[in-house]
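Please open the model in your viewer and keep the sequence panel beside it. This tour goes from stop to stop, telling you what to select and what to look for there.

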Amino acid sequence: MTKMNLSPETVSLLLLLLALLLCSGDSTTDESPPTVCIIGSGIGGSSVAHFLRNYSASSTGLSRARILMFERHERVGGRMRTVAVSGDTFEAGGSILHPKNYHARDYVKRFNLTVRSPTAIEDSSAVGIWDGKRFVFKTFGSSVPFVDKIVSWLNDVYMFVRYGFSLLRMTNFIENTVDNFLKYYESLESRPVFDTVEGMLKWSGLYNLTKVTLQEKLSEAQLSPLLVNELVTVITRINYGQSVLISGLAGAVSLAGSGGGLWSVEGGNWQMAEQLIKHSDVSLHLNEQIESVSHLGNYYELKSTKGNSFKCDVTVVSTPLDEVDIQFSPAISIPKRELQHTHATFVRGLLNPGYFGMKSVSDVPALVGTLEDPLIPFSSISILRKYSATDMTYKIFTRQEASDSLLDELFSVRTETVRIDWGAYPKYHAPEVFAPFILDDRHLYYVNAFENAASTMETSAVAGENMARLIISRFRTKESSSSSSSDTRSCSSGLHSDM
């Protein structure tokens, strides 16, 4: 057997070539896929999961990610929920969607859900503004086809006589705000990824609306005090349970939710979240309340009240942190915020016309809104379903729980009563202060930071879509950085040891 004699220079060259070959190999193929943990199964969290699946390119680690979702209740949907009254189902949480809520429309179309339009009684034009003693303004209503169009026209004239051109100015204000909001649906190529709420709002031209109250903004737009104190106040009390002293953007969103073409999902809006989760290959943990989130070097550890522990590369908080007790380590810093609780009471029975100084219940408008007066014990009363002239289901909004004594004053007959208390949305102020989207300098994210701008099902979906893009963008940067430094270290090590 012939012995090969290689010079030291030849040996070094061969070892160098071997090191370069090793460096050029794919060092990530054997890595396990990352885990994304989402706390909360409402429209925000489910939208994050949906867009992560849709936007993650095959070249990124997130395309293979495991998505875990934790919901502390026994059902998905967050603040979207329904209630049953005498066998009929009604929305008890997020109830209405705007015709230009394009994410919600896409969800309904994508998952073959059914759009539900308001019933004749829900869409009645009969509205009354109650000041605690009398109706200061009432419109007319009719459910008779063709006649209802004439009645609607008469109501328009009647409202113009009372509020004048301020109505047109209000419409322009709403349309301008909606047009700016529609920028969030522009193509991905023309729309940046936003890492702060402020940046997201400034880009769309909505930020300045969060710095002033709705009252100030409408005064600047030259709306009459009569319109603001009556009609606008009624709308903000119904939609946000608050006065015209809320921020301008929240107020504009509230006003947009009072227009025509409103809709919901047949069977319950919560089905949008259910279908988003189902089609996003999510491992769902119901009745799993997360009590702590700890960053431990290269990952997050989530612990639940059941004693379970979960290891996550990315953690997304998609539930308001205002009323949940989650301990973060290291501690996080977010502005203090209170939630406005809305008490929704559903009553099957018959309203007491005498409470409103009327002789017949048919004289009471289908929707009764109220002025901002602490002595008025309710924000609104509306008819949800009419079974007969003496049997209906009503929905009452109050800022405190509606007592039996109050309900006995309001109703001459009550056959069933269901009470729901929910932390519906933030208490809005101006100027608003926003929590960060990124709660640390790593991969801990907060979808609900956007709620201080406005809180609706669609704004949560918009925030969720941006959050998915933000996670992908930052995770891709992390991968590139890790891959580059890893390659450099391994190649450098080989060169130094071999030469």
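How are H8 and H9 oriented to each other, roughly parallel or roughly perpendicular? Before you select them, note that this is a predicted model, in which local features need pLDDT of at least 70 and side-chain atom pairs count only at pLDDT 80 or more, while totals for chains, interfaces and linings use all residues. Residues are numbered from 1 along each chain as its sequence is written, and side-chain values use heavy atoms, with hydrogens and water left out.

Select residues 225–240 for H8 and residues 248–256 for H9, which pack at an angle of about 95 degrees with their axes 9 Å apart. Axes here are lines fitted to C-alpha atoms, for helices over the stretch in contact, and angles run from 0 to 180 degrees between N-to-C directions. H8 and H9 are therefore roughly perpendicular to each other, a term that covers angles of 65 to 115 degrees. Now show the side chains of Val-232, Ile-235, Thr-236, Asn-239 and Tyr-240 in H8, together with Ala-250, Val-253, Ser-254 and Leu-255 in H9, which make the contact (heavy atoms within 4.5 Å).

Next, colour the open sheet of 7 strands, whose order is S7-S6-S16-S17-S18-S15-S19 and whose pairing is mixed. At its edges lie S7 (135–138) and S19 (411–426), each of which pairs on one side only. Two strands pair if DSSP finds at least two bridges between them. Select residues 339–351 to see S15, which pairs with S19 in the antiparallel sense over 13 bridges, and then look for Gly-349, which stands opposite Arg-414 in S19. H8, from the previous stop, packs on this sheet, where S6, S7 and S15 are among the strands it touches.

Move on to an open sheet of 5 strands with parallel pairing, in the order S9-S2-S1-S13-S20. S9 (282–286) and S20 (444–446) stand at the edges with a single partner strand each, so one side of each is left without a neighbour in the sheet. Within this sheet, select residues 35–39 and 314–317, which are S1 and S13, a parallel pair joined over 4 bridges; here Cys-37 stands opposite Thr-315.

Select S3 and S4 (residues 88–91), which pair in the antiparallel sense over 4 bridges and form a hairpin with 2 residues between them. In the turn, Ser-86 has a positive phi of about 55 degrees.

**Last stop: a loop residue**

Finally, select Thr-210, in the loop between H6 (197–204) and H7 (214–220). Thr-210 counts as buried because its relative accessibility is 0%, and its side chain reaches the backbone oxygen of Tyr-207 at 2.6 Å. Residues that Thr-210 touches include Leu-201, His-429 and Phe-434.

Technical notes. Buried < 20%, exposed > 50% of the residue type's maximum accessible area, 1.4 Å probe, protein only. Polar contact = N/O pair within 3.5 Å; in protein donor to acceptor, adjacent residues only side chain to side chain. Parallel < 35°, antiparallel > 145°, perpendicular 65-115°, else oblique. Lists of a residue's contacts leave out its neighbours within four places in sequence.
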